[in-house]
Every structure is written in C-alpha cells, then in structure tokens.
Amino acid sequence: MDRASVGVTLFGLLLVCATAAPTKKERDIDIYSFHINSTVTSRYAITVITSRVANRLNESKEVHFQVKIPKNAFISKFRMTIEGKTYDGVVKQKEEAQQQYSQAVSRGESAGMVSSVGRTLEEFKTSVTVAAFSKVTFELTYEELLIRRLGKYKLLINAHPMQPVADFKVDVYIKEGPDISFLEVKGGLSTNELASAVSTTRSGNEVWVTFYPTREQQTKCEGCAENGLNGDLIITYDVERLNPSGELQIANGYFVHYFSPTDIQRIPKNVVFIIDRSGSMHGRKIHQTRLAMLKILGDLASDDNFGLITFDSQVDVWKRELLQATERNLKQAKDFVKQIQDRGATDINGAVLKGVEMIKRHPREGSASILILLTDGDPTAGETDIERIQANVKEAIGGKFPLYCLGFGFDVNFDFLEKMALENNGLARRIYEDSDADLQLQGFYEEVATPLLTDVQLNYIGAGHLTQTSFSHYYNGSEIVVAGQITDNSLDTFQTEVIAISKSNKVKYEDSVSVKDIAGMPEHENFIQRLWAYLTVKQRMEKEVTLKGEEKEAAKKEALDLSLKYKFVTPLTSMVVTKPHEEDTQVAHKPKEGEQPRRPFDRVQALPQLPPLGSGATKRPMFSLRHPGAAVMPALSGQAGPSGFPAGRQGIGPPPFVHSPGYFGPPPIVHSRVQSVVAADDYDVQSVVADVVDGDFGPPPIVHSRVQSAVAVDDYGGAALLTGIDAGPAPTAVTFQMTDLPSPPESHVRFLVTSSRQPKPLCYDVPLASKLRLLMDPSSEFSMNGELKLYGGKGFKKIVLHYKTNHHLTISTSGIRYSDGQTPVKFVWGQEPTKHETDSVSLILKNDELNVTMGTVRVVFLLHKKDGDVFLWPAVRQLPQGITLQGILGKTDVQYELLPQSWIKIKDQEVLAEASTATDHGHASAPRVDCWLVPLRFVLQGELSDFTVSRL
C-alpha cells in the first residue's frame, strides 16, 4: 500500500504591540493568553486564533493584533471584545465595502487589513485603543480545504508572539473517516528544550496534538530569546486507503467524495519543457533554471519521452522529435541545458505553439502528455497581444492535454499565465526569486511527474450543484475532491461512479453507500456543507477567469452569493470592521496573487467645511492656521522670532495637511528647506505664489484641496497657512490638528545589485537630485541618463535614452516622447496598449509599463504611484554579452564574499555592511527585500562623480 501522507498547513503568527517604546511593550502591554485551536475534520480545517491582551498602564494605549494565515484560506469570522462588548466584522460585497474603505481613507484612517506576505501567507492586522487597566480579546477564524500535494497533509504552526505568554496553548484535533496510518510531529518547536511541551495521542482515526510551553521554556529554547517563541511546529499524517473507489461522506443533504487510488500502474508521459532564455532571465534566474532542469531530467523514467524548447525572440528546439529518456539521450540533454544562455526578447506565442506541435506530432498509446512553460516576463516579440496568444494556444491544444505555466518572479504577467493554463486544464504557479528557486521548480515537477489516470470523470446519481467532476489527469500523491448536494430525497443508497483511462485500458470505480447509515452523523456537523461552499467558490472564481459574457457573470454571481451566505472573505467580498467609539472603520480585502501589502495611511482629523469661493471676493482668499496652543503665524517679514526659531517662524508646529473631499490618498509630505507659499485653487490646480526666503532646495509641497489656501514651509519641516499676504479678505481662522505625522522625506534613493552566487543582494544609497549616467555602450552608440526626483525621494522624474545618432526617447512622469530624427511620437501613461517599431527600436506601452528595446538593450520603465508620489524606475531586462558597460545599471552581477561579523569583501576591498532592506522598484509590485547596505563607491568601484552627468 502507498504510504504517501497528506499534509495540512496552518499558520498562526501573533504580533501584539503598543506604540510605546519596545521596553515598555513587553512590560505594560501584556499578552496574557494566546491560543490556537485547529480542528481538522476529513481534510477541512477550521482554525481559531484567540489573543487576550491587557493594558496595565494608567493611560489609554493602542494595541495591535497581527496574525498570518494561509493564502488558500478564507477568513470567516473576526471579533473584538472590549469591556464586555463585542464588535464583529461584517462580510459585504466588495464594491459596497469599497465605498466604506474609500471614506475611511479620505478621513486618513488606516483602512487596509489583509495583505500578502511571502509565498504562502497573508497577514491580517488591526488595532484598537484600550482604556487604562482594561483588556481586549481578539478572535480570528479562518477555513480551508487541505490540498494533498506530494502525498502529504502538513499542519504547520508558526509561533512568534513577540513576548513570553503565560497561557500559551496550541491544540490540534484531527478526525478522519479511515484510520490514521502515519503521524509525525517535528519542527523547531518540538526539539530540545521544547520537546517536553509537545504531547501526541493517536487512536484509530483520531489524533490529538498539544503544545503547552511554560513561560520559561518560551525564553530558553533554541531560537528563542526574551521576545519568546520563534519557530515552527509541523504535523504530518496519512490515512488508510483501503477502498480504491474512494472515501464518501454524507451529512445534512450534502456529500463529499475523496478519490485517491494508489494501486495503479504509472502511465509513461510525454513532456515538453518550454524554457524562457530572454535577457530578463540573466543572472541567478537562468542559473537556477539550469540547476532545476538538470535534476528534473535525472528524474525522468526510462519509458518517458521528452523534448526541450528554449526561446527568446527566436524559438529553438533541442531535437525535432520527442526522445525516449535513455541514459544517452539524457546526457546529451543535460549538456544542452548547461549551455542555455540568456538573450533577446520573449516570444511566448511561438514557443508554446511549437511545444504543442511537438506533442501532437508524436502520439503514443497508453501515455499522458504534459506541456510545462517557464517564463519571467510579458510577450515582447512575435505575437504580443495576450488575448490572441491565449486563443491561439487554446485552439492548438484542443483540450487534449494540460498546460502548466510557471511564472518566475514578479515581472511576469501572472493573470495572463493563469488564464492560459486554466483554459487548458492546467494551473499556474509563481516561482519566487530566491535562493531555493531551483527547488521550487523541482517541487512543482514532482507533483506532475507520475500520472496514474487520464480523462477522469466522476458521476453521482441523485445529486446536483456539483463542484468540478472532470479532470484531465490524476497524479500520484494528489487527491480529487468532489462535493455537492443530494437532490433526490427518496434515495436509500447514494451511488458513485468514476470512469478513467489507465496505462493499459479504460477503468471504472463504482461504490454504493446507504444514505440512512451515514446521514446526519453528529461528528460531521455542517463541515461538509461549508466544504462544498468553500470548494464551489474557489472553482467558480477560477472558471470565471476563462469565461465571457453571461456565463462569466453567472459564475461570478454564484461565487459571490455563496461568499456572502457563508461569510467568507474572498476576492469578491470584504469584511468591514467598525471599532468602538467610532474610532474608525477598517476593511479586510483578500489580495490577489502577487499583490503587495497596502501601506496604512496616516490618520488626519476631519477637516471642517470652509466657505465657498465667490461672495464678492475679487482675489484669492488666504486662511490662517492656528496650531493647538500656538499663535497664528504672522507674515514672514523677517522679524525676530521666539528663542530657538529663526525670524518669521514663531509658533510653528508640525506641518498640517489639508485633506479635500474626494482626494483619497496619503497626506503629502510637507517638508522643504525653502520657504514657499503654494496656492491651491478651486480646481485643485497648484501654483507657486511666492518664494519667501532664498534657496533652491526643491519644489514647494503640493496641497490638495478644493478650497483656496496657502501653505508656508520652513527649513525645519514646519508648515502653516499664512496670513498677512495681500490676497483679499481672509475668513475667520480655522484650526487643524494632526493626529499622526507623516514621516520625513528620504534624502536618498536606494539601489539594489544582485549577486548570482549569494542569496542576499547588495544595496547602496544615491543622493537626491543627482543626474546619473545609468547605462552606456559606446560600441552600439546607446546611452541612458536619468534625473532623480528631489521631492519624494523614491525614484526618477525623467529618463532620456539616445541610440545611434537619430533615436531619442524622453520619459517623464507626465508622458513619453520618441523621435527617430523625423516625425516625433508622443504617448501618455495609461493609454490603450500601444506598440511602435522602427529600425531596431521597439516601444511597447501597457498601462504603467513601457518596454523599450534599442539594439541589444532592453529596459522596462515602470511608473510607480506610491504614497501620493509618482516616479519612474528603469529595470534592465537585457544587455549585450561580452561587453563592459558604463553606468550604475551596468553593474548587474556583483560578486562578493560574506565574511564573519557582517564584513563583505569585493575584489581586494573589505567593508562593514549593515543588514537592511530596500524596495525593489524594478518590479511592478515593488516588494521589500533584505539586502546588505554598503557605501556606493564600494559597489560601483568608483565615486559618485564618476557616474553623474551635467545634462541628460
């Protein structure tokens, strides 16, 4: 019997803190109880995380609740209990909740609650103000159907509460239909000092696992410290699989059927690997792809047939025919893989169609065909219209075999790959750019390496509202799950039928179960009904991606209706949480794959309504601002101010922010060393009224408002609305109050440089307002220069490219202008997708990305809009080989050696590095990554002046 085990994944991470200093968080904000209770009933897990926190201070404090849950899960309940009163989250249609979200943002409230973190997790976080000597209880419930991958259900509990907890408990109860055949508990939280805190009980089809560490154990275990536990508890188990027809359970008019036969001979496969070798695969990605392919080729069975296709703007096949995986053929294939080099653009359409052609040209009885595509970018050569590519591939495959799409990194258009895979009975998976990317690739291949059945069809007599019942392939170590409603109430027996094709012939599995014997069994409660709803929502949302018109709307409506009925937070719904005392409203959205965390907005007190314009005024009125406890700022006449303030700055406190109705963004950072006055007119058009003091340190801040106002900014970052300017009569002074201040602006922009031999990149800082030589190749007459934004401190405001003598491209945050020496062409960000090609130059504009190819250089320019700031960032995707390039972006792969105590060595130089983070703006999602921060001259092997230009 196959001892493959099934794995269930549960993540629970708690971070509770207050806004006090770290030393006080542990002492005065006390997590006195933290429980994780997970009940797994026949693969369906319902997990409840409960945290009880006490504010032991004699003043009110904001307490944060922060946990991590699996991306595959749906939140189904959240509540806070404070002083005996409970506040429940309410699940609403996303559009309805979005209105509340926008209103919350317009008030400056931190409205986003759920965000993607890492590969498999989502982070749920919220906070609430707790009165002095009071307590709060947070309770979060989420549900998921546990997917069988590589023969394992794995329950992983990650504990990191940030402080020792007096009452810390993890309770796991597993109840399956058949007996448990295998059980193992491992992980960092089950070893050494903590082993005695783990207790396991197994009896027939039930398992109990508890983890009750003492406060002392939480501080003395391996990897633990004064901040408490930090590690994993991993539970893996398997069940007996005695009935080849599967396991059937019925309760309250619903059924679930688990089908995973094991005593079947494997089917030889025909597999074609389609490997992207475009310039964007340069460095570690192509290296890891080669490593993964060498291991995958070594795992092919001798009766498998395989083919290799590599592509950039050109599609090449290793051999025209599919070859048997003999020792000789595999050796030749491995030699070929070792020579794959990155170059060129990306012709996905041509490559996939070539793979389809190869498989169709070599049909083989008793085999299973599979197509696997690995790419890291958008189509930029050949056919580039993604809808046309999807249609071409769907027509070519014709439903005969699955296409699996692996998207490498975050530059890839994952939605495009996902739809193309789902339309062809496959799936898409993201491969994360990390040190284990090759293992991720191998892991996916192992899931589809052993087909056991093809053309699987499951039939149920007297049932309706079924989840998916047709599957192209069934793989060893996986499991097919079908759920539905029993619609014929007169049935005495419920019959199942599974028809499929095995290696040698057509097979049929039949089963008949008495409804009266198993219906209404108390231990099932309503989990089967919730499992059916969960699975239906998941599959309808996947199906909706591939449909059009009325069918698309019908699938979306069914998924939405079930989400609302069962209170699931899905991509179609959101949870609205209203805090006590009308503090604010928060909305929990479920992020899409690859979506980055929302940044909470600073909270600003609501702005009182100001008088409308007009009423006889002939000049723009100005308003005075009075900070709480401060005098109205006089006109900046140069008179002496109070002690410690230069002239004209008395009474200036933190900068205010004029929030306008309809402006849904974070408050702009009002900070400049030049004192300026900015007037915002009735149409939200900004103009500089006056420069009050000398200095050229950057543009004045922008004040978004639908009222006319003026703001003065001093060189300490203070700001106030001015009076005394000859701008007509001023109304009564209005008082504004800032409850949370924006962070001061950065004085630099951080750049990243990867190293193909090290998991962590280097990073270095470049001062703002620098005009930089980004890239230059004298041999091809190509150059690219850019000017960093002075205000905002995140990226570039303008980038200019020159190619040969007649090609000039100017890219700014407001638009794009290209000239080939004759007729100039202009583009606007966000316009309809546009492609322009001429004389070795290609421009492809899609939304906020401009893909530029000039000769052998390809660069993607991304327009980022973040925290009220708009800036450009160039991401080099392809460079000429064997040529030393000038410019800071010419340093694409810096090799370094990590020495003890954070010293880093490059060539013959050593420097002390700082463990830091940087935002990788070279990806549209702009993920945060860990890096080693070192001086600029150390990475670039030169001074900043060596990389600056006087003009773009």
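**Rings, a sheet and confidence**

Mentor: Arg43 lies over the face of Tyr258, 4.2 Å from the ring centre. A charge sits over a ring if NZ of Lys or CZ of Arg is within 6 Å of the ring centre and within 35 degrees of the ring normal. This is a predicted model: local features need pLDDT of at least 70, side-chain atom pairs count only at pLDDT 80 or more, and totals for chains, interfaces and linings use all residues. Residues are numbered from 1 along each chain as its sequence is written, and side-chain values use heavy atoms, with hydrogens and water left out.

Trainee: Which ring does the charged end of Lys169 sit over?
Mentor: That of Tyr212, at 5.1 Å from its centre.

Trainee: How many aromatic pairs are there?
Mentor: The count is 27. Rings of Phe, Tyr and Trp (its six-membered ring) pair if their centres lie within 6.5 Å; planes under 30 degrees apart count as stacked, over 60 as edge-to-face and the rest as tilted. Phe306 and Trp318 are stacked, 5.6 Å centre to centre with 20° between the planes.

Trainee: Where do Phe306 and Trp318 lie?
Mentor: Phe306 is in strand S19 (residues 305–311), and Trp318 is in the loop between strand S20 (315–317) and strand S21 (323–324), so the pair ties together parts 12 residues apart in sequence. Strands (E, at least two residues) are DSSP runs, numbered from the N terminus.

Trainee: Is Trp318 buried or exposed?
Mentor: Buried, at 14% relative accessibility. Phe306 is buried too, at 0%. Buried means under 20% relative accessible area, exposed over 50%, partly exposed in between (1.4 Å probe, protein chains only).

Trainee: What about Tyr460 and Phe494?
Mentor: Their ring centres are 6.2 Å apart and their planes at 10°, so the pair is stacked. Tyr460 in strand S25 (residues 451–460) and Phe494 in strand S29 (residues 493–501) are 34 residues apart. Both are buried.

Trainee: New topic. What is the strand order in the open sheet?
Mentor: S37-S38-S54-S53, with mixed pairing. Strand S37 (748–753) and strand S53 (914–919) are the edges. Two strands pair if DSSP finds at least two bridges between them. S37 and strand S38 (residues 762–767) run antiparallel, joined by six bridges.

Trainee: Which residue in S38 is the bridge partner of Val749?
Mentor: Val766.

Trainee: What is the mean pLDDT?
Mentor: It is 78, and 77% of residues reach 70 or more. pLDDT is the predictor's confidence in each residue, from 0 to 100. Over residues 596–745 it stays under 50. The model has 279 contacts (heavy atoms within 4.5 Å) for that stretch beyond four places in sequence.

Key
Helices (H or I, at least four residues) and strands (E, at least two) are DSSP runs, numbered from the N terminus.
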